[in-house]
Amino acid sequence: MRATRPLALAVAGTLALSACGGGESVDTGGGGGGGGDNTLVAAVSAQPDQLDPHVTTAYASFQVLENVYDTLVVPDPEDLTMQPSLATEWKTSDDGLEWRFTLRDGVTFHDGSEFDSADVVYSYNRIIDEELSNSFRFQNVESVAADGPDTVVLTLSQPTPNLLERIGSFKGMAILPEGAADDLDLTTEANGTGPFRLESSDASSTVLTAYEDYWGGAPSVDGVEFRYITEPAAALTALQNGEVQWTDNVPPQQIESLGDDDSVELETTPSVDYWYLSMNYARPPFDNRDVRRAISLAVDREAVAEAAWFGAAQANQTAIPEDSFFYYDYAPFDRDVDQARQLLQQAGVTTPLTMGLMVTDEYPETVTAAQVIASQLEEIGVTVEIETLDFATWLDRQGAGDFDAFYLGWLGNLDPAAYYQEQHQTGGPNNYQGYSNPQVDQLLQQGATEPEDEARKAIYDQAAQLIVDDVSYLYLYNPDVVQAWAPGLSGYQIRADKAINFENVELP
Amino acid sequence: MTAEVGAPVSLRPATPRWRETLGLLAHNPTAAVSALLLLALVLVAIFDETLAPQGPNEVDVAARLESPSGAHPFGTDDLGRDILSRVVLGTGVSLRVGFLAVGIALLIGTGIGLLAGFYGRWIDDALMRLMDMLFAFPAVLLAIAVLAVRGTGWGNTALAIGIVYIPVFARVTRASVLGVREEVYVRASRSVGASDWRLLTRHVLPNAAPPIIVQTSISLAFAVLAEAALSFLGLGTQPPDPSWGLMLAEGRGFIDLAWWLAFFPGMAIFLTVLCFNLLGDGLRDVLDPKQRTLMAGGGR
């Protein structure tokens with residue numbers, strides 16, 4: 001689920017992409033030839049902050065890394081269940097404490113070296129030992145050991161039914177060649193097993209070239225250029241002019257009109273992301289459940305979603321989107337201004353109550369949505385002071401607990417634990433709001449070790465209900481993934497986790 | 001003139017200089033129209049809440065992106081807010097920042113220029129090299145740096161823009177003072193023992209003032225523009241407060257869908273800046289002694 005840090009997270013989380021995937025390869029080539037003609041140019045909104053998959057949390061980085069690195073397992077592009085990738089099969093011991101992964105044969109890194117179990121052990125131990133951003137994914141892992149070159153054994157402290165999601169949901173869990181961190185400057189260099197190798201990365205674009213010896217078969221295109229075009233309108237124009245062949249930087253307000261535009265093929269699909277508002281339990285009166293419930297009651301989620309996404313988002317009062325197996329239909333907060341006022345009064349709050357709301361221009365939808373929320377809360381006597389910050393400052397203040405409330409999203413979530421655990425468990429790494437409910441803790445603990453899906457869903461439903469009722473997060477909506485490409489481009493699949501994989505893409 | 005011998009003769013002109021200036025300005029049509037428009041803008045800024053048809057931050061998502069109509073003469077924006085109301089309320093923001101910024105620059109810059117020009121020598125060197133340093137920074141970059149340190153908001157925006165224009169006023173004032181300080185009346189006053197303070201306030205500053213006044217008007221134009229630019233970049237006025245620059249930035253993404261989002265705030269910026277510039281031009285003509293004589297009908 002989430003990606004790493006929250007914010008970024010949002011972004012980041014996402015990422016994950018799949019790379020490889022499921023299908024094994026496709027291949028081939030097509031292309032050969034010629035140079036630049038067969039290179040896909042993709043317009044993305046931001047430059048990768050760095051290219052070390054184990055360290056970055058930025059979505060922009062994972063868009064690129066998805067195509068460069070592999071993980072042991074990957075989400076299926078259709079239903080996001082975990083499929084073989086660098087691991088071809090796995091076995092779990094009866095007590096659920098030992099997972100034995102058989103690795104794929106004939107896989108080579110971009111420098112030609114062979115992939116084997118030592119690389120997996122090295123990569124996982126790097127994340128664990130250096131406590132990198134994804135180390136929480138290994139919190140139940142006691143050891144990672146090679147059993148011969150083709151087998152890796154993960155020993156766990158407790159059963160972990162979502163282990164595959166933990167190690168495969170995105171390229172933050174990429175397998176690097178042994179010693180990579182010493183041999184390479186991973187922030188700017190890469191040596192993966194994926195379909196493309198990193199050619200160059202600068203302030204205007206990142207260029208990948210096809211890796212002919214890719215284990216899934218060489219990609220159809222000769223390369224991919226990720227060009228950074230910040231302004232959505234400019235990215236769209238570039239697509240319409242044929243300067244680029246793909247973009248995910250589509251202005252939401254244009255979605256409707258692009259439906260009849262022949263120069264662009266537009267697709268949307270519900271994503272696994274969610275956006276929310278979070279209030280600081282350490283700052284009275286937001287420690288008061290009634291105050292938080294009043295604010296939750298005063299927000300019209302439909303209007304917020306409509307304002308931010310022009311219909312390309314579904315209002316939701318819990319985190320998990322409707323398409324997921326783990327979706328829980330629970331919506332206790334239909335807008336009711338009178339009841340909200342009453343709750344505030346009950347709580348003994350004198351209005352107008354001022355609430356700072358931290359947003360960031362890194363995600364413009366937070367700025368837009370905050371203004372709608374501000375006008376809605378005005379009606380119950382809560383004055384929202386919107387603070388638009390750069391993301392670095394935003395993150396600092398979130399980490400320091402220096403906020404009344406903030407607005408952000410978590411991207412790329414696949415497993416219910418990812419939706420709820422880190423954010424709502426007492427002392428959880430992303431529980432910046434300071435929520436603590438022993439009942440929720442217990443349920444989350446139970447859910448993390450329950451192997452049966454139905455039983456897990458029941459547990460997480462209960463947890464979600466408590467989290468929503470307590471307004472640990474004020475959930476708002478799940479946006480769609482919106483991407484557009486040149487008519488005739490084939491082999492590309494839009495995905496709910498927003499992983500962008502160009503392995504099989506063919507140019508028109 | 002038939003003054004009796006011995007009766008004191010006033011050496012001051014019959015009409016005060018400022019009134020004469022106003023009269024001349026009134027005969028300069030462009031400047032007069034600009035001045036009137038600016039006056040109207042000031043009135044709009046003062047009575048903004050009364051004039052605006054609705055609150056600037058009243059969101060109505062259902063009525064978003066409506067084109068100009070009777071109910072919303074300037075249309076509505078992407079959140080369904082009335083653009084006319086926001087433009088009206090934005091006037092106050094722009095002018096407040098403009099006047100405060102230029103006030104800061106005028107006060108400090110003119111002070112520095114006076115001292116540098118009047119005392120010369122090492123004071124001049126020290127102060128003007130300092131101004132050169134400040135001047136060497138690109139204006140917007142310097143303003144961004146100030147905002148990065150002090151945080152956003154309209155007060156800090158005004159401060160940032162004000163700091164940027166200090167060297168401009170310092171230079172203009174100094175140049176003007178250099179010309180004035182050796183004038184006979186200054187030396188005469190000095191010779192009868194007038195203090196430096198009296199010299200500066202009674203003789204040097206009033207006579208060095210015309211270029212500074214012109215600079216003030218022109219700087220107001222730049223300040224309004226700078227506020228818009230900084231808000232456009234997200235560093236000035238913060239949403240949801242209406243600022244023309246911010247509205248322009250928000251409207252940018254909708255330009256091919258709903259032109260009115262960016263058009264009306266853009267026009268407001270354009271007109272305000274144009275008026276300040278034309279007024280500045282007019283003042284320059286009126287205050288220039290040679291032109292003044294000509295315009296006033298020659299001869300005197």
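Modeller: Two residues are in contact here when they have heavy atoms within 4.5 Å of each other. Before we use that, some ground rules: this is a predicted model, so local features need pLDDT of at least 70 and side-chain atom pairs pLDDT 80 or more, while totals for chains, interfaces and linings use all residues. Residues are numbered from 1 along each chain as its sequence is written, chains are lettered from A and ligands numbered from 1 in the order written, and side-chain values use heavy atoms, with hydrogens and water left out.

Colleague: Fine. Into which domains is chain A divided?

Modeller: Domain bounds are taken from an automatic or database domain assignment. For chain A that gives domain 1 (73–183) and domain 2 (274–480). Their C-alpha centres are 33 Å apart.

Colleague: How many residues of domain 1 of chain A are in contact with domain 2 of chain A?

Modeller: 13 residues of domain 1 of chain A, and they meet 13 residues of domain 2 of chain A.

Colleague: And what area do domain 1 and domain 2 of chain A bury between them?

Modeller: Buried area is the accessible area (1.4 Å probe) that two parts lose on being put together, summed over both. For these two domains of chain A it comes to about 920 Å², with 57% of it on carbon and sulfur atoms. On the domain 1 side, Pro161(A), Asn162(A) and Glu165(A) lose the most area to domain 2, together 42% of what that side buries.

Colleague: Now the chains. What do chain A and chain B bury between them?

Modeller: About 1,400 Å², 55% of it on carbon and sulfur atoms. The contact takes 15 residues from chain A and 17 residues from chain B.

Colleague: What does the secondary structure of chain B come to?

Modeller: Helices (H or I, at least four residues) and strands (E, at least two) are DSSP runs, numbered from the N terminus. Chain B has 12 helices and zero strands. Its C-alpha trace spans about 85 × 50 × 25 Å along the principal axes. Among contacts in chain B between residues at least 6 apart in sequence, 71% join residues at least 24 apart.

Colleague: At what angle do α9 and α11 of chain B cross?

Modeller: Axes are lines fitted to C-alpha atoms, for helices over the stretch in contact, and angles run from 0 to 180 degrees between N-to-C directions. Helix α9 (residues 196–232) and helix α11 (residues 260–287) of chain B cross at roughly 170 degrees, and their axes come within 8 Å. Angles under 35 degrees count as roughly parallel, over 145 as roughly antiparallel, 65 to 115 as roughly perpendicular and the rest as oblique. So α9(B) and α11(B) are roughly antiparallel to each other.

Colleague: How do I read the side chains there?

Modeller: Sort them by class: Ala, Val, Leu, Ile, Met, Phe, Trp, Tyr, Cys and Pro count as nonpolar, Asp, Glu, Lys and Arg as charged, and the others, Gly among them, as polar. The contact of α9(B) with α11(B) has 15 nonpolar, four polar and one charged. Including Ile213(B) and Leu220(B) on α9(B), these residues meet a set on α11(B) that includes Phe276(B) and Leu283(B).

Colleague: At what angle do helix α4 and helix α10 of chain B pack?

Modeller: Helix α4 (residues 83–119) and helix α10 (residues 244–252) of chain B pack at about 140 degrees, with axes 8 Å apart. That makes α4(B) oblique to α10(B). Among the residues making the contact are Ile83(B) and Arg86(B) of α4(B) and Trp244(B) of α10(B).

Colleague: What is the phi of Glu131(A)?

Modeller: About 50 degrees, a positive value although Glu131(A) is not a glycine. Glu131(A) sits in the loop between α3 and β6 (141–146) of chain A and counts as exposed at 65% relative accessibility. Lys498(A) also has a positive phi, near 60 degrees, but Lys498(A) is buried at 19%.

Colleague: Which residues does a cis peptide bond join in chain A?

Modeller: Pro284(A) and Pro285(A), with omega about 0 degrees. In chain B, a cis peptide bond joins Pro239(B) and Pro240(B), with omega about 5 degrees; Pro240(B) lies in the loop between α9 and α10.

Definitions and conventions
Buried means under 20% relative accessible area, exposed over 50%, partly exposed in between (1.4 Å probe, protein chains only).
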